[in-house]
Protein chains: 2
Amino acid sequence: MTAVHSAWQGAGRRIHMQEVGTRDGLQMEAAFVPTADKIALVNQLSAAGLDKIEVSAFVSPAAVPALRDAEVVLREIERHPGVVYAALVPNVRGAERAIESKVDELNLVMSASETHNLANLRMTRAQSFRALAEVVALGRSAGVAVNVSLSCVFGCPMEGEVAVDEVFDLIERFDQLGVHGLTLCDTTGMAHPAQVARVVAMARVRWPRQTFTLHFHNTRGMGLANVLAAIDAGADCFDASIGGLGGCPYAPGATGNVCTEEIVHALQCMDFHVPVDLARVMHAAARLPALIGHEVPSQLLKAGPRLQLHPSPADFAAVRERALART
Amino acid sequence: MTAVHSAWQGAGRRIHMQEVGTRDGLQMEAAFVPTADKIALVNQLSAAGLDKIEVSAFVSPAAVPALRDAEVVLREIERHPGVVYAALVPNVRGAERAIESKVDELNLVMSASETHNLANLRMTRAQSFRALAEVVALGRSAGVAVNVSLSCVFGCPMEGEVAVDEVFDLIERFDQLGVHGLTLCDTTGMAHPAQVARVVAMARVRWPRQTFTLHFHNTRGMGLANVLAAIDAGADCFDASIGGLGGCPYAPGATGNVCTEEIVHALQCMDFHVPVDLARVMHAAARLPALIGHEVPSQLLKAGPRLQLHPSPADFAAVRERALART
């Protein structure tokens with residue numbers, strides 16, 4: 001007999017879901033989502049029970065006009081106890097704005113791939129690290145938690161494989177700086193479950209007290225499988241994006257971030273403890289197409305939860321009667 | 001330390017991939033795919049190394065006009081040694097036609113759900129079983145292998161949960177008839193990995209010599225995760241559909257069958273032994289939109305395999321030089 005390994009049985013294990021659609025998703029959209037709608041969306045996500053919400057980004061309004069209302073959104077949302085309200089900050093100036101806006105957590109980003117870091121941030125990794133070290137110090141002195149997201153941990157669309165040693169060197173350096181969390185990002189959907197299981201298990205052995213979040217994209221259909229592989233290796237914090245908002249710049253038309261409602265639905269089916277109100281998330285997701293002007297990748301939004309039943313055909317009673325008459 | 005469980009490491013284990021797009025996929029399409037294109041598609045799939053191909057269905061041409069050319073397709077395709085050429089047959093008449101057309105395997109279908117069986121086949125399960133028992137006998141006397149596909153094993157869109165006992169009762173009865181294989185079908189994408197791991201493990205304990213195929217749909221984004229849960233529970237034969245062809249009648253716009261190239265790509269990444277030429281499958285999948293007149297759900301077709309690299313930005317050398325000058 002092949003044993004039923006517990007990888008597949010949640011057995012009540014608590015998994016933390018962190019929403020990134022309001023930042024990572026909306027920043028990609030051509031349409032500017034009105035500030036009031038952003039606030040309403042964050043409030044719906046808070047009420048639904050997400051553990052953390054990356055509300056917006058404190059970046060240059062010229063560079064990311066979609067998120068130019070970060071201050072207003074952070075000021076106007078309802079803050080639910082127990083929900084961590086985070087924002088992306090690229091530098092000291094952004095961190096100062098975010099701290100003024102009373103975010104609970106600063107999220108810093110650089111890439112594990114030298115080529116990707118240069119192409120996206122126009123700095124070498126060494127330069128990015130030095131710049132982010134200043135931001136970490138600022139956050140610590142202000143008493144605000146700092147999380148660092150490392151892009152391309154599982155592969156770079158330009159370089160290919162990224163050496164685990166290079167990823168771990170960056171983790172070690174940020175861990176030494178005293179960051180409160182590290183997010184391992186599969187920025188373009190290159191991660192596969194065998195790799196995820198290995199990398200997460202190794203990272204947890206080496207930094208047992210560090211909080212790791214896993215950020216997967218479903219670009220090649222491996223999103224949920226990667227989440228499950230990471231859980232089996234001990235991870236319990238995951239980023240996801242409502243509706244599956246957010247595409248992939250390297251694959252036009254492909255999906256990006258894993259979809260919040262799909263991950264929550266699957267994990268709840270599997271008996272993981274994910275205290276998120278799925279109906280509320282789906283209700284919020286259903287409003288997205290009107291806000292952004294196009295369909296969202298969420299399959300669950302089309303199909304509904306697995307036990308949302310469909311009526312029998314209109315002639316079912318007659319069909320049944322005729323069948324039984326033949327017996 | 002959380003151990004890296006072997007569920008995630010293929011370690012060279014052989015997985016058999018069975019193509020259903022040419023039957024399960026094309027039968028749903030409004031456009032009639034010309035016979036010559038169907039033949040070319042099957043030949044490409046044979047050359048790519050699929051283990052089994054469900055080539056067509058011997059059903060009423062009035063009921064399924066898309067597959068009205070089953071005889072011609074079966075006669076004209078190139079038969080590769082080692083590839084099993086199967087066809088769906090609903091009844092004795094269909095089986096006779098299929099046997100005349102020299103199929104290697106008859107695939108019979110009924111539902112594990114009484115409501116679904118009545119709604120789709122207009123018979124009770126008891127009536128379907130009696131009718132299929134005749135077809136099994138015909139196949140056996142003709143020396144042609146018989147596989148039985150059970151729909152709604154993991155849930156019924158009208159009834160909800162389907163009791164495992166009812167599924168296992170049907171498996172037992174077909175096993176007693178001496179069928180060569182049984183396919184457990186997740187007809188509308190209701191299966192989740194915890195359930196799959198349990199059901200497959202139990203079935204393999206009870207019928208250790210039976211060949212089980214798992215047929216998953218990606219309707220709610222759980223397709224690959226279900227494949228991996230089934231593999232962990234001992235399964236090694238999977239249906240999949242090129243391009244992800246085939247939708248879900250209960251969820252307009254939702255995807256149906258898991259996508260052949262996505263499953264092959266993921267399993268090969270994970271070091272499972274899947275001797276399928278991924279490039280050939282993707283080449284064939286890329287031609288599908290022209291044949292059927294619309295996009296296919298395959299994400300991999302949009303994004304490419306994970307190590308298909310992208311060029312750096314055009315100004316990358318200048319960006320790098322400027323960055324280095326600042327160091």
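Across the interface of chain A and chain B, 26 residue pairs are in polar contact, both residues at pLDDT 80 or more. A polar contact here is a pair of N or O atoms within 3.5 Å; within protein, one must be able to donate a hydrogen and the other to accept it, and residues adjacent in sequence count only if both atoms are side-chain atoms. Seven elements of chain A give two or more residues to the side that touches chain B: helices H5 (114-121), H6 (125-142), H8 (193-206), H9 (223-232), H10 (260-269), H12 (300-303) and H13 (316-326). Helices (H or I, at least four residues) and strands (E, at least two) are DSSP runs, numbered from the N terminus. H8(A) gives the largest share of that side, eight residues.

This is a predicted model, in which local features need pLDDT of at least 70 and side-chain atom pairs count only at pLDDT 80 or more, while totals for chains, interfaces and linings use all residues. Residues are numbered from 1 along each chain as its sequence is written, chains are lettered from A in the order in which they are written, and side-chain values use heavy atoms, with hydrogens and water left out.

Now let us look at the contact as a whole. It takes 78 residues from chain A and 78 residues from chain B, contact meaning heavy atoms within 4.5 Å. About 6200 Å² is buried between the two chains, and carbon and sulfur atoms give 61% of that. Buried area is the accessible area (1.4 Å probe) that two parts lose on being put together, summed over both. In chain A, Trp8(A), Arg220(A) and Arg306(A) lose the most area to chain B, together 14% of what that side buries.

Arg306(A) also meets Glu161(B) in a salt bridge (2.9 Å, N to O). A salt bridge is a side-chain nitrogen of Lys or Arg within 4 Å of a carboxyl oxygen of Asp or Glu. There are four salt bridges between chain A and chain B. Another pairing is Arg306(B) with Glu161(A), whose closest N and O atoms are 2.9 Å apart. Arg306(B) lies in the loop between H12 and H13 of chain B, and Glu161(A) in the loop between strand E5 (145-151) and helix H7 (164-177) of chain A, so the pair joins two chains.

How are the two copies related? A rotation of 180° with 0.0 Å of shift along its axis superposes chain A on chain B (RMSD 0.0 Å), by least squares on the C-alpha atoms of residues with pLDDT of at least 70 in both. The copies are thus related as by a two-fold rotation axis.
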